[in-house]
Amino acid sequence: MTSFTLAAAESGSLHTIGSPWLWTATIVGVLILLTLDFLVTRRPHEVSMREAIGWTAFYIALPLAFTLLLWRMHHSTAASEFLTGYLLEKSLSVDNLFVFMLLLTAFAVPARLAQRVLLFGIAGALILRSIFIALGAAALESLDFAFLLFGGILLVTAVKLARDAVGGHGPEVDISSMRSVKLLRRLMPVTDDYQGTRMLTRVGGARALTPLALVVTAVMGADVVFAVDSIPAVYGVTGDPYLVFATNAFALLGLRALYFVLSAALSRLVHLAYGLAVILGFIGVKLVLHWAHGIWSGVPEIPTAASLLVIVVTLAVVTATSMWSTRDTERAPAA
């Protein structure tokens with residue numbers, strides 16, 4: 001058994017439970033799960049609610065089992081930090097689903113190809129976020145004000161989310177202004193129709209992209225924006241790069257199935273932005289206090305257990321109030 005120490009020690013080096021064998025086992029496990037998902041989606045088909053619920057239950061059970069494993073191997077601190085970080089990433093990923101839904105609608109993605117698009121986007125997001133996680137770890141180890149910087153990013157994001165929610169401005173997607181889409185259109189011609197799961201095809205002997213390539217690129221591009229918020233947020237829960245990677249991997253892997261489970265309910269989560277603003281604001285304050293504690297020892301720090309409580313209670317409250325506010329919408333079709 002090894003004891004786990006929080007984030008950054010006073011010596012300036014990051015403490016991690018991520019031994020080489022644990023990193024290897026986790027990365028191999030993620031690759032196996034991604035391969036399994038690609039095999040499941042190799043034949044395009046519309047996802048039934050039963051299938052989506054089954055895969056969602058599987059991808060919820062995995063991080064819970066992993067939490068128990070961490071508890072057994074590294075006691076309660078690592079386990080509680082992972083679980084808190086996972087819930088934080090999962091709550092942020094639900095907000096991401098709004099944008100994914102808008103992208104799939106804007107590109108007129110056939111229902112049978114939707115899960116393939118999401119899976120390609122998730123695979124790309126894992127690679128991109130791994131880079132962000134490494135950069136974040138390097139910043140925390142070398143920059144004394146990194147926690148203050150991350151906290152500032154989250155506080156600014158929280159204010160923007162709250163302002164947009166009050167003003168009634170939801171997520172918006174303008175495909176024509178997306179740089180990634182513009183770049184692809186300049187590099188290669190794009191066909192008008194989807195060609196199954198193919199992203200490259202030939203038109204008149206010349207190579208051309210299919211719309212699938214554009215929407216996958218757009219989904220991955222959108223995740224770059226999401227990572228700017230989510231990576232600093234989870235570093236506010238734990239400074240262990242291994243746990244940060246694990247929380248992101250588990251949250252992203254279950255996103256494909258969760259999309260189809262929540263697609264009908266997403267429009268009813270009208271107060272989600274308020275909840276995310278509260279959560280990100282809270283984590284932002286936590287990061288600022290952690291930075292200040294390193295300079296003035298008398299400044300209190302917010303424990304992980306308090307973060308977990310705030311996240312769970314906030315999500316429960318905004319879900320309940322959203323369902324209550326939209327109860328008439330649910331009854332309308334039956335009237």
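Modeller: Below we go through the fold, a few helices and some single residues.
Modeller: Keep in mind that this is a predicted model.

Biologist: Fine. How many helices and strands does the chain come to?

Modeller: The chain has 11 helices and two strands. From the N terminus, the order of elements is α-α-α-α-α-β-β-α-α-α-α-α-α.

Biologist: And what share of the 335 residues counts as buried?

Modeller: That share is 47%. On contacts, take pairs at least 6 apart in sequence: 79% of those contacts join residues at least 24 apart.

Biologist: Let's do helix 10. What span should its 22 residues give, and how far apart are the end C-alpha atoms?

Modeller: Helix 10 covers residues 304-325. At 1.5 Å a residue it should span 32 Å, and the end C-alpha atoms are 31 Å apart, so the two agree.

Biologist: Which residues of helix 10 are buried?

Modeller: Thr304, Ser307, Ile311, Thr314, Val318 and Ser322. Their arc around the axis is only 95°, so they sit on the same side of helix 10.

Biologist: Why would a spacing of three or four places point the same way?

Modeller: An α-helix has 3.6 residues a turn, so residues three or four places apart point the same way.

Biologist: What's exposed on the other side of helix 10?

Modeller: Ala305, Leu309 and Trp324. The buried residues of helix 10 pack against helix 2 (49-106) and helix 9 (272-295).

Biologist: Now helix 4. How many residues, and what reach?

Modeller: Helix 4 runs over residues 146-166, so to speak a 21-residue stretch. From first C-alpha to last it reaches 30 Å, close to the 30 Å expected at 1.5 Å a residue.

Biologist: Which of its residues are buried?

Modeller: In helix 4, Ala146, Phe147, Phe150, Gly151, Leu154, Thr157, Ala158, Leu161 and Ala165 are buried. They cover an arc of only 130° around the axis, which places them on the same side of helix 4.

Biologist: What do those buried residues pack against?

Modeller: Helix 3 (114-142), helix 6 (211-235) and helix 9. The face of helix 4 turned away from the buried side carries exposed Val156, Lys160, Arg163 and Val166. After helix 4 comes glycine 168, with a positive phi near 75°.

Biologist: Which residue has a positive phi although it is not a glycine?

Modeller: Alanine 108 has a phi of about 50°. This alanine 108 lies in the loop between helix 2 and helix 3.

Biologist: Is alanine 108 buried or exposed?

Modeller: Alanine 108 is exposed, at 55% relative accessible area.

Biologist: Switching topic. At what angle do the axes of helix 2 and helix 8 cross?

Modeller: Roughly 55°, and the axes come within 5 Å. Helix 2 and helix 8 are therefore oblique to each other. The residues of their contact divide into 16 nonpolar, two polar and two charged.

Biologist: Which residues meet there?

Modeller: On helix 2, they include Trp55, Phe100 and Met101. On helix 8, Arg256, Tyr259 and Phe260 are among them.

Biologist: Last one, glycine 136. Where is it found?

Modeller: Glycine 136 is in helix 3. Glycine 136 is buried, with a relative accessible area of 4%.

Biologist: What is it in contact with, beyond neighbours within four places in sequence?

Modeller: Glycine 136 is in contact with Phe150 and Tyr235.

How values were computed:
Residues are numbered from 1 along each chain as its sequence is written. This is a predicted model: local features need pLDDT of at least 70, side-chain atom pairs count only at pLDDT 80 or more; totals for chains, interfaces and linings use all residues. Side-chain values use heavy atoms; hydrogens and water are left out. Helices (H or I, at least four residues) and strands (E, at least two) are DSSP runs, numbered from the N terminus. The expected span of a helix is 1.5 Å times one less than its number of residues. Buried means under 20% relative accessible area, exposed over 50%, partly exposed in between (1.4 Å probe, protein chains only). The arc is that of the directions from the helix axis to the C-beta atoms. Contact means heavy atoms within 4.5 Å. Axes are lines fitted to C-alpha atoms, for helices over the stretch in contact, and angles run from 0 to 180 degrees between N-to-C directions. Angles under 35 degrees count as roughly parallel, over 145 as roughly antiparallel, 65 to 115 as roughly perpendicular and the rest as oblique. Ala, Val, Leu, Ile, Met, Phe, Trp, Tyr, Cys and Pro count as nonpolar, Asp, Glu, Lys and Arg as charged, and the others, Gly among them, as polar.
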